Amino acid sequence: MKKTLFSLAMVAILLLSACGGKTTGNNATNNSPVQITYMEWGDPAELSVWKAIVADFEAANPNIKVNVDVSDWDSYWTKLKTLLAANTPPDVFAMDAPLYLDYQSRGVLLNLQPYIDSNPGMLDGLFPNTLTAYQTPDGYFGLPRDFQTIVVFYNKDMFDKAGVPYPKSNWTYDDLRATALALTKDTSGDGKIDQFGYVIDPWDFEPGMSEIIWASGGDLINADHTKTLIGEPNARTAFQFLHDMMFVDHSIPDPNTSSQYGGDLFLSGNAAMIAMGHWAVPSYSEASFKWDVVQMPSGPAGQATSVNSAGFVVGKDSKNPDAAFAFIKFVLSTAGQTRLAEMGFACPVLRSVAESDAFLKQGTSINQQIFIDSLAFAHMKPVFKGYDEWSSTIGDGLTPMWNGEAELNPTLDQIVTQADVVLANNK
Amino acid sequence: MEYGLRPLGREKFWFWVMLIPTLIGLTFGALGSILATLGLSLTNWDLLRPPTWAGISNYLALFNNPAYFKALTNTFKFSAMYVPGVVIISLFVAVLMNRKIHGVSIFRTIYFLPAVTSAVATALVWNMIYGRDTGILNYLLNLLGQPSICWLCTKNALMSVVVVNIWGAIGEGMIIFLAGLTAIPREYYEAATIDGAGTFDQFFSITLPLVTPSIFFQTLISTINAFQAYDYIYMMTRQGQGDSSVPVVVFSIYRNAWNFFKYGGASAQAIELAVLVILLMGFYFWLERRYVVYE
Amino acid sequence: MTKTTQKILLDLVTYAFLTAGAVMMLAPFLWMVATSFKIPADQFTHTLIPNPATLDNFRKLFSFDLNFPRLFMNSAIISLLTVIGQLLTCAMAAFCFAVVKFRGRNLLFTLLLVTLMIPEQVTLIPNFIIFKWLHLVGTSVPLWLPAFWGGAFGTFLLRQYFLTIPRELVDAARVDGASLWQTFWRIYLPLGKPALAALAIFTFQGAWNDLLHPLVYMPTVPNTTLTVGLAFFQTQLTMGGRFTVLMAGALISILPLILVFFFAQKQFIEGISLSGLKR
């Protein structure tokens, strides 16, 4: 054992010296450029794009160096909160709009208003309804970076095979239901459905639920965020509609069914339509079938979809707020937004870029314009303090119902009560 | 009387050399973690603003929290199945492997594989095994003319995840027991053989009593692991936004601390969990006095 | 029944049980291997032989901008240092708890065990703040340094083992004038090999698979560990349904663990022989 320990130690020392100093802090010395850290969630493909944006930025601003720190979604929030708790936040970091006020109201974000004021016209070209989420009575503590509208993705091959016409931009929820039913099938002939008409996320409002609630004339929450509205009659009708599709038509898979297919039945070729955002485009472009997108259908109260954005915020005690803001400004410029559009995960917030070929002709053959056009009837995903806990309460509460273990109406009653308690506690 | 050497004269120096790293660790571990957690449990802390004093309100809140109570029940049910499962199966496997047979190192490696494989990948594979319509388990059941079972539905999920957790823990338990078995002097078996004791007699009169220190260790560690089990349960039963069909206490701690800005409340839950484990541990130590045989 | 037939019979039973168990232990793993060589369209099929078989998943994996050699090296250094630290400090402490009599021994040991009881989800931030005070955040030091100040798991494991080592050996050595340190170094360390090997395996595995700590303490890819690097695209692959690539990544990340295990397990060969030791 002595010998083993010794040789282990030698190996370790060798390894250490082989790549000594591999991790360096970011203490800038006097003559070196200002260093800022930009932290965000994402995946390897996004990291490459951000490296490209940073290279452009550094070329234009030789005195600033940006370290990009990307983690996957779950890891990102853990890391961010740890850094904030230890009072060492990154200079610039990404923010999911619904969670923005959870941070802003706790005073950890820098007010960007003075910087915006000294750059007049800076926000003029941005889509106005992507900006609303970041407005506070004291000004902007964050700015949108890109946005996501929800649309319906459909598998063209599946439609062709069943002889069903593609959905049209003016379709209704009744059309959706009929189409979904026509495409729900047992293709293997074992007595179990393995092709579903339509897929929604039964837990998060964003892809699938909030759209139909709004289209039915209902809403999720009242304007001052004190009352949950998903138990109101119009919202109930919307839930009943989805419930019928799941348990009467079986054209929407229940959670126990969909979990067998990993994450995404559309991509695995087991679903004809899915409510989804632009973030899925890169992975869907690797699918072996042809697909396209169409607007969300309209209901009794007209057409409705959801818009959400990822944004930038700056840590309140950032040592280099000027450099941080310069970086944000660059990403919101035509050059930065064009790069972002090319990466294909999200839609640019700068209108001129969203309407340019950089976004509309991304190498995929789908109709990118749909994502932009959907903004016209998009509702903002709610933004308020306590959003995470509130939406989790609702998501958890809906679970027994979607699992077929609880009735619709008592479930909604119970959820509203619990969610309102959460709202009161987060005031 | 407790056995022990007393360090003499200059040996005191060596004694401290040997103990000091652990004492430093305890200062960091005990003060840095336990006391900090204890202190934070008496505050409301959202991680972002300075903590504010909350007294014992976080503890009182646990009594009116049906979700927490449900999680605690699940944790106990889980542990009650998991701990005996791991201890008994891995002891059995280790005893078999301790016999002088060919190919044992291959067997050992195979049994250890589940313990090293990344939880994300294995959870995915198990999801494919358990799948209601697509899974291989129901496929086999159907071949035998049995109806399909929804393994991961709320009704059966606890049982199904216990199986996977035991499956993943046998390798580690086996190693503990293999190491423990090597400590039994060969002479004991030789003497017993000469006395004419059969294999089973030898197991109950020599192996079992002398492996009790390892059984004690494995039971205690398995209990701690059971109370903190997270990975497989999360990946196989997650639903909603971070909820699960088998929510255990660690879920509740994690979500309160990291999603709901309630680090104080999460700390209180962690302390209460720790107190429960410590009580259980006290019981184990009482059992140790009575039944564990040290040389 | 003669001794020989009884032995043959027992051997057969042993093989039967072990083989049956091995199938259950191995099946999910084989499936993982098979999936990593399948084309994406086949990822849910019930066959163990990929047809057609492909290396694309591994190619895809290495096409990510991740610098695998660097991640691998970081993981190896951290894991090795952790093993060294734990073996040394836990063995010393375990020897004190098992063999030396001192005041407060039980209290100290209990305190040590209590540190195991608090889930890391809540100790993460207090620990992080300590390392921030020490100006060590952003380096790999917080990942392996704690291994050098002992640990409840390892100390407990080794103490249990040391307690089973016959006391006659110690008494005999003391009579021969062996010091405390010599007793530890010449008797307990060599005899403790099986338990030390077990601890080495666990520690290496724990450090290698650790996700949370490298995540918060180290900068991101490529200056992080292999596990964090793989987790980085795991979410995308899971959500995107690319299980074939995910399995390929998982397979690569565990190969070093299997190697370490295969070599370390040789220590579990047979029991202590009392007569083989100098009295």
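I take two strands to pair if DSSP finds at least two bridges between them, with helices (H or I, at least four residues) and strands (E, at least two) being DSSP runs numbered from the N terminus. The model I looked at is predicted, and in it local features need pLDDT of at least 70, side-chain atom pairs count only at pLDDT 80 or more, and totals for chains, interfaces and linings use all residues. Residues are numbered from 1 along each chain as its sequence is written, and chains are lettered from A and ligands numbered from 1 in the order in which they are written.

Entry 1, strand E13 of chain A. I looked up the partners of E13(A) and found that strand E6 (residues 142-149) of chain A pairs with E13(A) in the antiparallel sense over 7 bridges, with A:Ser309 in E13(A) as the bridge partner of A:Phe147. Strand E3 (residues 92-96) of chain A is also antiparallel to E13(A), over 5 bridges, and there A:Phe93 stands opposite A:Val313. Strand E15 (residues 378-380) of chain A pairs with E13(A) in the parallel sense over 3 bridges, and A:Thr305 stands opposite A:Ala378.

I then checked burial, calling a residue buried if 20 or more other C-beta atoms, placed from the backbone, lie within 10 Å of its own, exposed if 12 or fewer, and partly exposed in between. In E13(A) (residues 305-314), 10 of 10 residues are buried; A:Thr305, A:Val307, A:Ser309, A:Gly311 and A:Val313 point one way, while A:Ser306, A:Asn308, A:Ala310, A:Phe312 and A:Val314 point the other way.

Entry 2, an open sheet in chain A. I traced 4 strands in the order E8-E9-E7-E10, with mixed pairing. Strand E8 (196-199) and strand E10 (291-294) of chain A stand at the edges with a single partner strand each, so one side of each has no neighbour in the sheet. The twist averages 20 degrees from one strand to the next, where axes are lines fitted to C-alpha atoms, for helices over the stretch in contact, and angles run from 0 to 180 degrees between N-to-C directions. E8(A) and strand E9 (residues 271-276) of chain A pair in the parallel sense over 3 bridges, and A:Tyr198 has A:Met273 in E9(A) as its bridge partner. Helix H8 (residues 173-182) of chain A lies across E8 and E9 of chain A, running at about 135 degrees to E8(A).

Counting two residues as in contact if their C-beta atoms, placed from the backbone, lie within 7 Å, I noted 23 residues of chain B in contact with 28 residues of chain A.
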